Amino acid sequence: MIGKPHATDWAARRAALVQRSRTLRAGLAADAQALRPALAAVDAVRDGLHWLRAHPLWLAAAVGLVVLRRPRRALRWAWRWGRGCGLRAAHCSGGSAAEPSARSPPGCPQRGRLRNVSLL
């Protein structure tokens, strides 16, 4: 049979592919070692967030301490956070949060948005 490969050819091909897979796996494991510090940092942040979700009182105490020690800084942070969440739309437009005017200051995050929005 001229056109069909023999069983020994298949076995040799399989052995070569298995060896190539071993080599590639070893190279991948060596290359992945470079990512270990970054992935460890991500794991630590994730574990910290899980801990905060399980112990919210500690977060509230830390925020309360910042507010008591540095109220001006806490208010500035709250203002920036509120501006980022769109809570400042009424101030930017001079009207209600649902209808900011086109005359809003250039830095207003809600400039030209939320037209004809029902609050109900």
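How many of the 120 residues of the protein count as buried, in percent? The figure is 11%, where buried means under 20% relative accessible area, exposed over 50% and partly exposed in between (1.4 Å probe, protein chains only). This is a predicted model, so local features need pLDDT of at least 70, side-chain atom pairs count only at pLDDT 80 or more, and totals for chains, interfaces and linings use all residues. Residues are numbered from 1 along each chain as its sequence is written, and side-chain values use heavy atoms, with hydrogens and water left out.

**Overall fold**
- You're looking at five helices and zero strands, in the order α-α-α-α-α; helices (H or I, at least four residues) and strands (E, at least two) are DSSP runs, numbered from the N terminus.
- Among contacts (heavy atoms within 4.5 Å) between residues at least 6 apart in sequence, 5% join residues at least 24 apart.

**Nonpolar patch**
- Val 45, Leu 49, Trp 51, Leu 52, Trp 58, Leu 59, Val 63 and Val 67 make up a nonpolar surface patch; patch members have over 30% relative accessible area and no salt bridge, with nonpolar side chains (Val, Leu, Ile, Met, Phe, Trp, Tyr) joined within 5 Å and like charges within 9 Å.
- A salt bridge here is a side-chain nitrogen of Lys or Arg within 4 Å of a carboxyl oxygen of Asp or Glu.
- Val 45 sits in helix 2 and is exposed, at 53% relative accessible area.

**Positive patch**
- Seen on the surface is a patch of positive charge whose members include Arg 69, Arg 76 and Arg 83.
- Helix 4 (residues 71–84) gives the most, five residues.
- Arg 83 belongs to helix 4 and is partly exposed, at 33% relative accessibility.

Note on methods. Accessible areas come from the Shrake-Rupley method with a 1.4 Å probe; for residues, only the protein chains shown count as cover. Lys and Arg count as positive and Asp and Glu as negative; His and the chain ends are not counted. The place of a charge is taken as NZ of Lys, CZ of Arg, CG of Asp or CD of Glu.
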